[in-house]
Amino acid sequence: MKTTTTFIERTDSTWKPRCVYWSPSTGDLLVAMCNNDTKTGKVTRYNQSGQLTQTIQNDNTDLGLYNLPHYITENNNGDVVVSDSFYPSGAVVVTERGGRHRFSYTGHPSGSVLRPWGICSDALSHILVCDGKTKTVQMLDSDGQFLSHLLIRPSGIFSPRSLSYDVNTHRLWVGSEDNNTVVIYRYITRQDALTDEHTAPVLMGMPYSAQHQP
């Protein structure tokens, strides 16, 4: 018989949870929320007992960091990485583990419109983000500098929407919004991860239907 355990109970109805990430390094749960009335967002951190331990909401000048968080992840250095999309544009917002704002990436080249969706980081601390505007996956370094378009109109993916990086196999899972397809790519080898370097990405991919059973 299946049972459901309430880990966190929301008491403030003005804030709605949008996305979650479990940190393998700390065991904390990161929850990004939004307030539809004020069009603002925040990130809350809960420990393994479900206690609220941190709220990230404003930058160093007390301005709001987020509008409408879509996806959240954590980089290897503990940075909290959020894809924050609010029409007509958005940003990848990165804060230190302690909450200090590091940078906001708004697209490449400078002045471009970014509509960020799925986001993750890889073994080399690159930040990967799906851009709904260009329908590509962009690669940034850990300091927010654009490195490359990792995927441009990839086979089987018409509109990259979600991402997940497997640290054990070094495979990148990319979900397509348009055709219910997941494509698995590899661009980092085990040796790359061990030496913390790699050459230009060489992608190898295989599509799977959303109905595929392994």
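**Exercise 1.** In what order do the four strands of the open sheet stand?

*Solution.* Start with the ground rules. This is a predicted model, in which local features need pLDDT of at least 70, side-chain atom pairs count only at pLDDT 80 or more, and totals for chains, interfaces and linings use all residues. Residues are numbered from 1 along each chain as its sequence is written, and side-chain values use heavy atoms, without hydrogens and water.

Strands are DSSP runs of E, at least two residues long, numbered from the N terminus. Two of them pair if DSSP finds at least two bridges between them. The order is E9-E10-E11-E12, with antiparallel pairing. Strand E9 (116-121) and strand E12 (146-152) each have a single partner strand, so one side of each lacks a neighbour in the sheet.

**Exercise 2.** Find how many bridges join E10 and E11.

*Solution.* Take strand E10 (residues 127-131) and strand E11 (residues 136-140). They pair in the antiparallel sense over five bridges. Now pick Ile 127: its bridge partner in E11 is Leu 140.

**Exercise 3.** Which residues touch the most other members of the largest nonpolar core?

*Solution.* Such a core is a set of buried Ala, Val, Leu, Ile, Met, Phe, Trp, Tyr and Cys residues joined through side-chain atoms within 4.5 Å. Buried means under 20% relative accessible area (1.4 Å probe, protein chains only). The core has 17 residues, and Leu 128, Val 137, Leu 150, Leu 163, Leu 172 and Tyr 187 touch the most other members. Among the strands that each supply at least two residues of this core are E9, E10, E11 and E12. Another core, of 12 residues, lies apart and includes Tyr 66 and Ile 72.

Terms used:
Buried < 20%, exposed > 50% of the residue type's maximum accessible area, 1.4 Å probe, protein only.
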